[in-house]
Amino acid sequence: MAGVAILEAHKTRREYFTDEHLMFRESLRKFLEKEAIPFFDQWEEDRIIPRSFWKKLGDNQFLCPWVDEKYGGLGLDLGFSIVLVEELSRIGAGLSGIGLHSEIVVPYIDEYGTEEQKTKYLPGCLSGDLITAVGMTEPGAGSDLASIKTTAIKDGDHYIVNGQKTFISNGILSDLIILACKTDPKATPGHKGISLLLVDRDTPGFSRGRKLNKIGMNSQDTAELIFEDARVPVGNLLGEEGNGFYYLMNKLQRERIISTLRAQVMAEEMLSTTLAYVKERHVFGKPLSKFQNTQFVMAELATQVHLGRVLMDDTIVKFAKGQDVTSEVSMAKWWITDMARKMAPECMQLHGGYGYMEEYKIARMYRDIAANPIFAGTNEIMKVILAKNMGM
């Protein structure tokens, strides 16, 4: 029974789940079984999620369930967001842009936006009419955010924005982008000159570059963003000028939890998928699962996945209580994403030649998991944070 609980962790009651959370999960799962799973392979082939699916999510109130009722939301707690991310991740990492929109980007508007900005944008974010992205990474600046080169210089009642962003999730579909830029390029240290701007799709001087061709997460559209004397109204400043770096840092723990949770669910799915395969696949007249090597590998993987789930849930509980979880999040992010990446080839190996075939889920997960140790700050950065918190 314990093994079943481990493999079906995304279905079980956990400390932070109530009956309402479980009912929400069941409703979401039924929706995804009807509206996503039958079409997901085609979306992967098309390398984009159709806007119509976003609208269906919005119509069923699955987007941003935490937003206050005054803007059309449900005002729900973190547990509902956890359910949303888990169920999307269970289908495929190509759906990660939905979690990015719902649980990472829109919270910036909710916390730092003016009442006018929230009234203008939040209803569309909830309905699926507005798809969001966050523009941080540049060709020459990734984890070192203070080194970004994109500038926004005030000119009357507009900012004139110049620069380029890359690796932007939802880059093609996005209607609203939270853009990290330098409003004071001469600020010392550099991070004190960073501000956040809300950039609308039809902003003059803003254009999309290439839709980037990734090795995995195919249906998640990723693109370059180009700003050439783009004119952004000063009223689209998010929060206060010069505080953008601190806003981004304040939200990083939530972003890293969401990113880590996605990797944990993928690890659980890889384990579950592989267990089912080795039980049904016969070699030399008996199930593959009856060979000692298979049993040892699966026992080790099950242990690692269980350890990841315990660490993940402990971090979520502490975060939900408002505790400082910088160290715990950094630990979880590097260890769980690294664990999931390392188990992917082992699961593929147990599938034999079939594991290399696109029609088998393990092949897609093998490709998709590779980027997780990079997302939300590389795992090397997580270890730097931990070392600093240890006084080194």
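A pocket is an open set of points on a 1 Å grid over the protein atoms alone, with protein on both sides within 12 Å along at least five of seven lines, and its lining residues have an atom within 4 Å of a point. The model is predicted, and totals for chains, interfaces and linings use all residues, whereas local features need pLDDT of at least 70 and side-chain atom pairs count only at pLDDT 80 or more. Residues are numbered from 1 along each chain as its sequence is written, and side-chain values use heavy atoms, with hydrogens and water left out.

**View A. Lining of the second largest pocket.** Ile37, Phe40, Asp41, Arg90, Ile91, Glu269, Glu358, Glu359, Tyr360, Lys361 and Arg364 line this pocket. Two or more lining residues come from each of α3 (40-46), α5 and α11; helices are DSSP runs of H or I with at least four residues, strands runs of E with at least two, numbered from the N terminus. The lining divides into 4 nonpolar, no polar and 7 charged residues (Asp, Glu, Lys and Arg count as charged; Ala, Val, Leu, Ile, Met, Phe, Trp, Tyr, Cys and Pro as nonpolar; the others, Gly among them, as polar).

**View B. Lining of the largest pocket.** Of its 49 lining residues, Thr137, Ile374, Phe375, Ala376 and Gly377 are closest to the centre. Helix α8 gives the most to this lining, with 10 residues. By class, the lining of the largest pocket has 24 nonpolar, 17 polar and 8 charged residues.

**View C. The end of helix α9.** Gly322 follows α9 and has a positive phi, near 85 degrees. The helix covers residues 292-320.

How values were computed:
Expected span 1.5 Å × (residues − 1). 1 Å grid on protein atoms, 1.4 Å probe; cavity = no way out; pocket = protein on both sides within 12 Å on 5 of 7 lines; lining within 4 Å.
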